[in-house]
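Have the viewer open, try each task, and then compare your steps with the solution.

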Amino acid sequence: MRQNRPALLWARLQESPFFWLMPAAAFLLVFYTYPLLDVIRLSFTDAKLIGGDYAYTLRSYSRLFRDPATLRSLQVTLIFAIGSVVLKLTLGMLLALGLDAAVKRGLKGMVAVRTSILAAWVIPGVIVGVIWKLLLSTSSYGMLNYWIESAYGTSIPFLSEPQMALMTAILANVWRGVAFTMIILYAGLQKIPAELYEAAVIDGAGAFARFRHITVPMLVPVIFIALVLMTISGVNTFDLIVALTGGGPARSTEVIALSVYQQVFKFMNLGRGSAVAVLLLAINLGMTLIYLFLLRLNRDRN
Amino acid sequence: MTEATTYVGRRSTRLAGNFGLYAGFAVAVALSLFPIVAVLMLSMKQRHEVFAWPPAFLPEAFNLSTYVYVLTQTPLSRMLWNSFYLTAWTVVGCLLVSAPAAYAFSRMRFPGHRTILLILLVYQMISSLVIAIPLYRYFEMLGLLDSHLGVILVYITVEIPFTVWLLKGFFDAIPVSLDEAARIDGASRLQVLRLVILPLAKPGLAAAMIFNVISAWSQFIVPFILLQRTELLPISIGVLNFAPGQTEGEVTIPYLAAASIMAMLPAIIMFIILQRFIVQALTGGAVKG
Amino acid sequence: MTIRLIWHPAARSWSAPMAALAIALPTAVFAQDVITPELIGRPDAPITITIQPRFAYSHQSNDEARRAVLTEAFRDWSLRHPDVKIEVQVQQGDDAVIVAKRIQDAQAGRAADVIMVEQVDYQTFYDFAKPFDPYISAETKADFLPGVLKGMTDPETGEVKYLQINAYTYGLWYRNDLVDTPPASLEELGDLAEKLMKENGFRYGVFVLGGQSVPRLSFYSQVASLGGKITEDDADSTPVFGEGENREILIRVLSWYKEMVDRGVMPKDVVNFAATGDVVSRVAAGEMPFVIGGTFMGGGIAQTPDGAKWSFAPMPQLGGVAPVMHQSGWSWGMFTDDAEKQALITDLLMDTYIGPWPMARWGEAGGYTPTRSSALQHYSAFLSDTPARSFGQALADAIPLANGRHAALTETALTNAFQQVVLGTMTPEEAVDEAWSTVQLEL
C-alpha cells in the first residue's frame with residue numbers, strides 16, 4: 001500500500017509535539033534567544049559601545065551593586081510597579097463590578113462607557129507620556145494647572161516635585177492600563193454562576209460577604225494572570241516615563257529600565273548597561289516567582 | 001418579599017443604585033477621555049492661541065488645518081500606513097505560529113510541558129529595551145536591519161508567549177470529546193485543529209487578534225532600534241518629530257497634538273468597531289489560569 | 001527669496017546662485033523629478049551618496065524656510081552632477097540612540113557616506129571619520145572660527161575630520177525694551193530680575209533650561225570664567241569639579257541658583273524643562289524678562305509675538321568677571337573611503353551647508369549662527385544690530401564644550417545636583433559632594 005506511507009509519515013509527524021511547537025520555538029530561539037544570551041554575556045564584561053577590546057570581568061556587577069543609585073532606582077521601580085498594579089487592580093475591579101451590575105440591570109449606554117475607558121488603552125506608551133506632559137505643563141498651554149491655579153491660587157508641581165512626579169507617572173500608567181484589568185475581570189465575572197450568588201443570598205449573606213467569599217475566590221485565577229502581566233509591564237515600563245519625566249526631577253522617576261537606557265546610550269557603557277538589564281530581568285523573574293508561590297499557597301489552602 | 005436574584009430589589013433602592021452607577025461611570029468616562037479631548041482641543045489651535053494667556057480650553061475655531069498640514073506636508077500619513085502594514089502582518093503571522101503551539105499545550109501531554117510554559121513566561125518578561133543593542137548588531141548580521149520584514153519578525157516573537165497562553169486557555173475550554181469524535185471519523189490532528197477547534201475558538205482568536213493589534217500598534221523601542229529610513233517608520237515614532245526636543249526652536253505644539261491624535265485615532269476607531277467582539281470573546285470564551 | 005548679500009570676490013561659491021538663476025528657467029519643468037523626500041537626483045545615476053542629516057536640517061523638515069533653502073541647494077547641485085544620486089536618510093528620534101546606532105554602523109564598516117555629528121560626539125567618531133584636508137584649502141580652514149576649528153580637528157592626527165555647520169553658544173536673553181545694558185554679573189541679574197518682576201508683573205524673573213542641558217548651558221561657562229574647571233581639557237574630559245578650588249567655585253554657582261529660587265526669582269519647575277520649545281513657549285507667553293539660554297533659541301524666540309524685544313548678551317558671571325564662552329554645534333563627517341566620493345561629498349557640502357554663502361543662507365533660514373568669519377562678516381543679518389550679530393560676536397572666542405567620554409557622566413551628575421539644589425532637597429555643598437562621589441564610582 002504505497003499510498004499510505006507518506007500519509008502515515010504525515011500522521012506520525014503530527015503526533016509529535018515538536019511539530020506543533022516548532023514554528024513558535026523557532027521564532028523565540030532565533031530572534032529573542034541570541035540577543036538575550038548576548039546581553040547576559042555582555043553583562044560579564046566591561047564592554048563599551050564604542051567597541052575596542054573588552055575583558056570578561058565582574059566589575060560591571062560590582063559597580064552596579066556598589067552604586068547607591070541602584071538601590072534607589074530599585075525602590076522607584078517597585079513603587080511604580082506595585083503602585084500601578086494595586087491601583088489598576090482596585091479600580092479595574094470596581095469598574096468591572098460596576099459594569100457587570102449595570103449590564104445586569106439593563107442600563108443603557110454601557111457600550112459607550114466601556115469604549116471610552118478602553119480608548120486610553122490603545123494609545124502607545126510614548127504618546128501617553130507626551131499627552132500627559134502637555135496636559136500638566138506649567139506653561140501656558142497646560143490647561144489643568146491653569147484651572148487649579150485659578151481655583152486655589154497655586155499650581156501643582158505635577159512633574160517638578162520629586163514625589164509628585166512619581167505619583168503622576170503612576171497615575172498616567174494607571175490611566176492607560178486600567179482598561180485591561182477591567183475587561184479581564186469583567187470577563188472573569190461572567191464566568192461565575194449566578195446560582196452561587198443566589199444560594200448565598202438565601203443563606204443571608206450581604207453584598208460584601210458575597211464579594212469576599214464568592215467573587216474573589218472565583219476570580220483568583222484571573223487576578224493572578226492580571227497581576228503577573230501587569231507587574232511585568234510595570235517593571236519594564238520605559239517609553240511612558242521617558243516621555244513624561246525623562247527620569248527626573250532629580251532622578252526621582254528613574255526606573256531601572258531608564259538606567260539601562262542611560263548606561264547603554266548616554267554613557268556608552270555596554271557592559272554596565274547589560275548588567276542593569278540582567279537586574280531588570282531578575283526583578284521580573286523574582287516577582288513572578290512570588291506570585292506563583294502565592295498562588296500555590298492559595299491552592300493549598302483551598 | 002422573596003427575591004429571585006440579588007439584582008432586583010425595591011424600586012427606590014434600585015433607582016438609587018442605578019443613579020450611583022451612572023454617576024460613577026460618568027466620572028470614569030470623564031477621567032478617561034479628558035486628556036484625549038484636551039489634546040484634541042490643542043490640536044485645533046493656531047500657534048498664537050497656544051500661548052495666549054489666559055489659556056482657553058476650546059480653540060477659537062474648530063479648524064482642521066493642523067491635520068491637513070500634518071497629513072499632507074509631513075511623512076505622517078505614510079507612517080500611519082506603515083503602522084497598519086506592520087500590525088496586519090504581525091497579527092497574521094502570530095496567529096499562524098501560536099495556534100499550533102497552543103494546540104500542542106492543550107491537547108498533548110509531553111514531558112516538561114509545564115516547564116516550557118513557564119519558560120514562555122520568562123520570554124514574556126523580556127523588554128525589548130534590554131536586548132536593543134545586541135538585537136541591532138544581530139539583525140545587521142542577518143541583513144534584516146532597516147526592513148519591515150525584520151520588524152515584523154520581532155513583533156511576532158514578542159507576541160508569541162501571550163498569544164500561546166491565551167489561545168491555550170480557549171482551546172482548553174473546548175471539550176476533548178469533540179476532538180475524539182472527529183478523530184474517529186478519520187480526521188488528522190491538523191484537520192481537527194482546523195475544522196473543529198478553531199471555529200469554536202473564534203472568540204479566542206478575536207481576543208488574541210485584538211491584543212496583538214494593540215501591542216503591535218504601540219511598539220516603540222523595536223522599530224526605533226531596527227528602522228532608519230523615514231518611509232519605513234511607524235507612527236509611534238513619527239509623532240516624536242514634533243516634540244519640543246526635536247524641533248530646534250520651532251513651536252510645533254499644535255502639530256504634536258494633531259500627530260498624537262492621528263496616532264491614536266485608527267486604533268480607537270478599529271477598537272470601536274471590534275469592541276463587541278473583544279468583550280464577547282472574553283466572556284464567551286475562557287480566561288483561565 | 002531675497003539675496004541680500006554683499007558681494008565678496010574671495011568667496012568661492014557665488015557661482016551657485018548665479019548658476020541657479022541661469023538654469024532655473026529651462027529646468028524648472030524637469031526640476032520636479034529630481035528631488036523627493038528620500039532621493040535627490042536621477043534614480044539611475046551610477047554614483048550613490050548616502051547622507052544622514054538631522055530631521056530639522058533636512059529638506060523633510062517641518063519648517064517652510066528650511067525646506068525651501070535646502071531643496072533649492074540640493075536640486076541645483078544635483079542638476080550639475082547628473083551622474084550622482086543622493087539618498088537621504090533622516091536621523092530622527094532620540095539622539096543618544098541614534099549615536100549608538102551610528103557607532104555600531106561605523107564599527108561594522110557600514111556607516112552612511114556623510115553623517116551629521118554633534119560636537120559632543122566628536123571624540124567618539126574621530127577615529128572613524130575621514131579627513132577633509134585633501135579637498136579643502138588652507139584658506140577655507142582659516143576661515144572657520146578658531147574655537148570651532150579646534151574641535152573640527154582630530155587632536156591625534158591634526159586632520160580636519162568635521163565641517164561644522166553652525167555653532168551655538170550660551171548666554172543671557174533679555175528684554176531690550178526693559179533693560180538698556182544687559183547685566184554682566186549674576187548678582188546684578190538677580191536684582192534686576194526681581195525689580196522687573198515687581199514693576200512689570202512678570203510671573204518669573206529668570207528662566208533656565210533645568211533639564212539635562214544645564215551644565216552645558218550654564219555651569220561650564222560660569223565655572224571657567226572664575227578660573228575653575230569642571231573637567232580636564234584632555235581627551236577623556238576627566239572630571240575635576242569635586243576638589244579644591246573647583247569645588248568651591250561650583251558651590252558658589254549653585255548657591256546663586258539656590259538664592260534665585262529662594263527669592264522667588266526662578267521657579268522650581270525649571271527642573272522639568274530640557275527642550276528649547278519649553279522656553280520658547282514661556283517667552284511667547286511673556287512670563288519673564290530674562291532667560292539663561294542658548295543662541296539656538298533665537299529662531300523660536302524671533303517667531304513669538306514680541307520676538308523683536310529680545311536680545312542676546314554673553315553669559316553673566318559671578319562678580320561680573322569676563323565671560324569664557326563655550327560653543328557647540330552640528331557638523332558633517334565623512335565616512336566613506338572612496339576618494340571620488342569624498343571629493344564629491346566635499347563639493348556637495350560646500351554648496352549646501354558649508355560654503356560661506358550657503359552657510360549664511362542656511363543660518364538665516366534656521367536661525368543658526370555660521371562658523372565662518374566670511375559668512376559672519378558679509379551677510380547683512382550679521383552686520384545690522386540684530387541678535388544674529390550678537391551671536392557672532394559672542395562666538396568669536398568661544399571654546400569647544402567638553403566632549404570626552406566622561407563628559408556625559410559628569411553632566412548627568414551635575415544636572416542632578418542642580419535639580420536637588422533647586423528643589424531644596426540638598427544644599428549646594430551636599431549636592432556637589434554627591435555628584436562627585438557618583439562620578440568617582442564610575443571612573
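**Exercise 1.** How many residues does the contact take from chain B and from chain C?

*Solution.* Keep in mind that this is a predicted model. Start by counting each side: chain B gives 32 residues to the contact, and chain C gives 42 residues. Next, take the area. About 3100 Å² is buried between chain B and chain C, with 48% coming from carbon and sulfur atoms.

Now look at the polar side of this interface. Eight residue pairs are in polar contact, both residues being at pLDDT 80 or more. From chain B, the elements that give two or more residues to the side touching chain C are helix H6 (132–142) and helix H11 (221–226). H6(B) has the largest share, with four residues. Sorted by type, the chain B side has 15 nonpolar, ten polar and seven charged residues.

**Exercise 2.** Find the salt bridge between chain B and chain C: which residues form it?

*Solution.* The count for this pair of chains is one salt bridge. Its partners are C:Arg110 and B:Glu140, whose closest N and O atoms are 4.0 Å apart. The cut-off used for a salt bridge is 4 Å.

**Exercise 3.** Describe the interface of chain A and chain B.

*Solution.* First the count: 93 residues of chain A contact 102 residues of chain B. Then the area: the two chains bury about 8800 Å² between them, and 80% of that is on carbon and sulfur atoms. Two salt bridges are found across this interface. In one of them, A:Glu15 pairs with B:Arg189, with 3.1 Å between the closest N and O atoms. Helix H2 (residues 17–43) of chain A supplies the largest share of the chain A side, 19 residues. That side divides into 71 nonpolar, eleven polar and eleven charged residues.

**Exercise 4.** Is B:Ser98 buried or exposed?

*Solution.* Locate B:Ser98 in helix H4 (residues 76–107) of chain B. Its relative accessibility is 0%, so B:Ser98 counts as buried. Setting aside residues up to four places away in sequence, B:Ser98 touches B:Ile160, B:Thr163, B:Val164 and B:Leu167.

**Exercise 5.** Which strands are the edge strands of the six-stranded sheet in chain C?

*Solution.* Write out the order of this open sheet: E1-E3-E2-E4-E11-E5, with mixed pairing. The edge strands are E1 (39–40) and E5 (162–164) of chain C, each pairing on one side only. To follow one pairing, take E1(C) and strand E3 (residues 84–88) of chain C, which run antiparallel over two bridges. Here C:Ile40 has C:Ile86 in E3(C) as its bridge partner.

Notes:
Residues are numbered from 1 along each chain as its sequence is written. Chains are lettered from A and ligands numbered from 1 in the order in which they are written. This is a predicted model: local features need pLDDT of at least 70, side-chain atom pairs count only at pLDDT 80 or more; totals for chains, interfaces and linings use all residues. Side-chain values use heavy atoms; hydrogens and water are left out. Contact means heavy atoms within 4.5 Å. Buried area is the accessible area (1.4 Å probe) that two parts lose on being put together, summed over both. A salt bridge is a side-chain nitrogen of Lys or Arg within 4 Å of a carboxyl oxygen of Asp or Glu. Ala, Val, Leu, Ile, Met, Phe, Trp, Tyr, Cys and Pro count as nonpolar, Asp, Glu, Lys and Arg as charged, and the others, Gly among them, as polar. Buried means under 20% relative accessible area, exposed over 50%, partly exposed in between (1.4 Å probe, protein chains only). Two strands pair if DSSP finds at least two bridges between them. A polar contact is a pair of N or O atoms within 3.5 Å; within protein, one must be able to donate a hydrogen and the other to accept it, and residues adjacent in sequence count only if both atoms are side-chain atoms.
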